[in-house]
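Trainee: I am new to this structure. Please pick one part and take me through it closely.

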Amino acid sequence: MTACRQWKMLCSTLFGSVLLGVFVYGQLRERPGDYPMNKSRVMIDHVRLESGKPFEEVAKAFERQLGTFDPNVRKAATEGGDTEAAKAKIAAMAGSSGFMLFGTQDHGALLRLAGLRRKAIQYVVGNPLIALQMTQHDIRASLYAPLRVLLYENADGKTCIEYDKPSSLFGQFGNAEVDAVAAMLDRKLEALVAGAFE
């Protein structure tokens, strides 16, 4: 048997083994009980604004417009039987912007572990009653509620605010009721940021 023929036989044997392995692996992955995974790609509109106003002043002006979310109030309100009273208690937590602060992450402080000195705070803001207007039509909207806003000082000393536009986040679900609320969130978030930069 020539070397060329031996080489062809070896290649066809290897190729057959690989195909068999792919087939067996595919069969094993498709066994009963496996859960299918669906993937999709969405386009997100990202907003970035910059100001010469000092970071601390912007942070104070931003926070001044927010109420504070209290999970104990929400829990007490939703466990009672009076729906309207529950909604009123939750609504009372909102600030002038219509949003409440769920939490912050001081990413600037975290960067000190890498020897860097930066001012950067991520804000988690929203309103459970606004979220409810979307989640009652599509529970997947809860993936993006509450919203995230990043306030930071860039390398030039300018104060920046960045966030993903709610209408683009929630728009992927293709629900008209959700879209209407998301458009309203666009306007509210824009006003909140504008108020922080004034």
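**A close look at the aromatic rings**

Mentor: Start with Tyr144, which is partly exposed, with a relative accessible area of 23%. Phe173 is buried, at 12%. Buried means under 20% relative accessible area, exposed over 50%, and partly exposed in between (1.4 Å probe, protein chains only). This is a predicted model: local features need pLDDT of at least 70, side-chain atom pairs count only at pLDDT 80 or more, and totals for chains, interfaces and linings use all residues. Residues are numbered from 1 along each chain as its sequence is written, and side-chain values use heavy atoms, with hydrogens and water left out.

Now the rings. The structure holds four aromatic pairs (ring centres of Phe, Tyr or the six-membered ring of Trp within 6.5 Å; planes under 30 degrees apart are stacked, over 60 edge-to-face, the rest tilted). One of them joins Phe69 and Phe102. Their rings are stacked, 4.3 Å centre to centre, with 20 degrees between the planes. This pair links distant parts of the chain. Phe69 sits in the loop between E2 and helix H3 (71-79), Phe102 in strand E3, and 33 residues separate them. Helices (H or I, at least four residues) and strands (E, at least two) are DSSP runs, numbered from the N terminus. Phe69 is buried at 17% relative accessible area, while Phe102 is partly exposed at 30%.

Tyr144 and Phe173 make another aromatic pair, a tilted one: 6.4 Å centre to centre, 40 degrees between the planes. Tyr144 lies in the loop between helix H6 (128-135) and strand E5 (147-153), and Phe173 in the loop between helix H7 (166-170) and helix H8 (176-197), so the pair ties together parts 29 residues apart in sequence.

Next, follow the chain into H8. At its start, a side-chain oxygen of Asn175 reaches to within 2.9 Å of the backbone nitrogen of Glu177. H8 has 22 residues and spans 32 Å from first C-alpha to last, close to the 32 Å expected at 1.5 Å a residue (1.5 Å times one less than the number of residues). Its buried residues include Val178, Val181, Met184, Leu185 and Phe197. Asp186 is also buried. What covers the buried residues of H8 includes E1, helix H2 (55-64), H6, E5, strand E6 (159-164) and H7. Contact here means heavy atoms within 4.5 Å.

Six strands form an open sheet, in the order E1-E6-E5-E4-E3-E2, with mixed pairing. Strand E1 (46-51) and strand E2 (67-68) are the edges, each pairing on one side only. Two strands pair if DSSP finds at least two bridges between them. E2 and strand E3 (residues 100-106) run parallel, over two bridges. Thr68 has Leu101 of E3 as its bridge partner. E3 and strand E4 (residues 120-126) run antiparallel, joined by six bridges. There, Asp106 has Ile121 of E4 as its bridge partner.

Finally, step back to the whole. The protein chain has eight helices and six strands. Buried residues make up 31% of its 198 residues. Among contacts between residues at least 6 apart in sequence, 70% join residues at least 24 apart.

Notes. A polar contact is a pair of N or O atoms within 3.5 Å; within protein, one must be able to donate a hydrogen and the other to accept it, and residues adjacent in sequence count only if both atoms are side-chain atoms.
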